[in-house]
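Work through the following exercises with the sequence and the coordinates open side by side.

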Amino acid sequence: MSQVVGRDDLLLVTLDTLRFDVAIELAEAGRLPNLAAHLPGGRWEERHAPGSFTYASHQAMFAGFLPTPAAPGPHPRLFAARFEGSESTASRTYVFDAPDLVSGLADAGYRTVCVGGVGFFNKRGALGSVLPGMFQESHWEPEFGVASPTSFEAQVARAERVVAELPAGQRLFLFVNVPSLHQPNWFHLPGATREAGDSRATHAAALEYVDRHIGRLFAAASSRRRCFTIVCSDHGTAYGDDGWTGHRLGHESVWTVPYAHFFLEPGAH
């Protein structure tokens, strides 16, 4: 990353609330053709989330603490703030002298852009303004939110516009928080009802919906130059697993998340 930063554009996509087991099953079944085409070996990597809900996890990720490989470490990080005693900062790590990665990339000449999704990015109050406030430019509209059945399509359209308006020489760090997996997601499964509510099956249908449109986002992000891309979940969620429902709790379905990083070459989709 010490060589990538300053050379390539950067894209971080958090598939908010996506469960690891659902992501794995769909990729193995061929139900995520657009994502699987870019996953190394066609597979998600199993990692542990840095937080059990959106706000905590994104605060950690924006400080350089991406989901951690689910194996004994230490694991060198891609990004890290400069501080003494860090055992996960290596020679290949991009080290920044700022309180967060977003500011560090801005200092390095990147245009930092947030396309928000869930409520922690809606800028409707003080709390919902903290995370998008880290960026030079941030976008949120009701059609980007969790209640919109077409949220990701709307987000992609905004991202396409952002990229198209940038000067050719301007490096970009684009962050997209995808809300489609978060509850409510029942409307992504044909035949499901509001009364029956969300389930593991509707969660899976939401991921298939995202896969149908993510090619456009990849194409936009790599339209000007090579783009280093991270796609991951910030935390999972429980659908009755061992009696647990939801997240912001310490169950395996919440802490275990899918992760991948890869380069998008110009013209990728």
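**Exercise 1. Find how many aromatic pairs the whole structure holds, and describe the pairs that involve F175 with F121 and with F135.**

A search of the whole structure finds 10 aromatic pairs, where rings of Phe, Tyr and Trp (its six-membered ring) pair if their centres lie within 6.5 Å, and where planes under 30 degrees apart count as stacked, over 60 as edge-to-face and the rest as tilted. The ring centres of F121 and F175 are 5.5 Å apart with their planes at 40 degrees, so this pair is tilted. Because F121 belongs to the loop between β6 (111–115) and α5 (127–130) while F175 belongs to strand β8, the pair ties together parts that are 54 residues apart in sequence; helices (H or I, at least four residues) and strands (E, at least two) are DSSP runs, numbered from the N terminus.

The next step is the pair of F135 and F175, whose centres are 5.8 Å apart and whose planes meet at 20 degrees, so the pair is stacked. F135 lies in the loop between α5 and β7 (137–139) and F175 in strand β8, so here the parts tied together are 40 residues apart in sequence. F62, F121, F135, F173 and F175 form one aromatic cluster.

The model is a predicted one, in which local features need pLDDT of at least 70 and side-chain atom pairs count only at pLDDT 80 or more, whereas totals for chains, interfaces and linings use all residues. Residues are numbered from 1 along each chain as its sequence is written, and side-chain values use heavy atoms, with hydrogens and water left out.

**Exercise 2. Decide whether F121, F175 and F135 are buried or exposed.**

Buried means under 20% relative accessible area, exposed over 50%, and partly exposed in between (1.4 Å probe, protein chains only). F121 has a relative accessible area of 0% and is buried; F175, at 0% relative accessibility, counts as buried, and F135 counts as buried at 7%.

**Exercise 3. Which strands pair with β6, and through which bridge partners?**

Two strands pair if DSSP finds at least two bridges between them. β6 runs parallel to β8, joined to it by 5 bridges, and the partner of C114 in β8 is F175. With β7, the pairing of β6 is again parallel, over 3 bridges, and V113 has E137 as its bridge partner in β7. Because 4 of its 5 residues are buried, β6 is largely enclosed by the rest of the structure.
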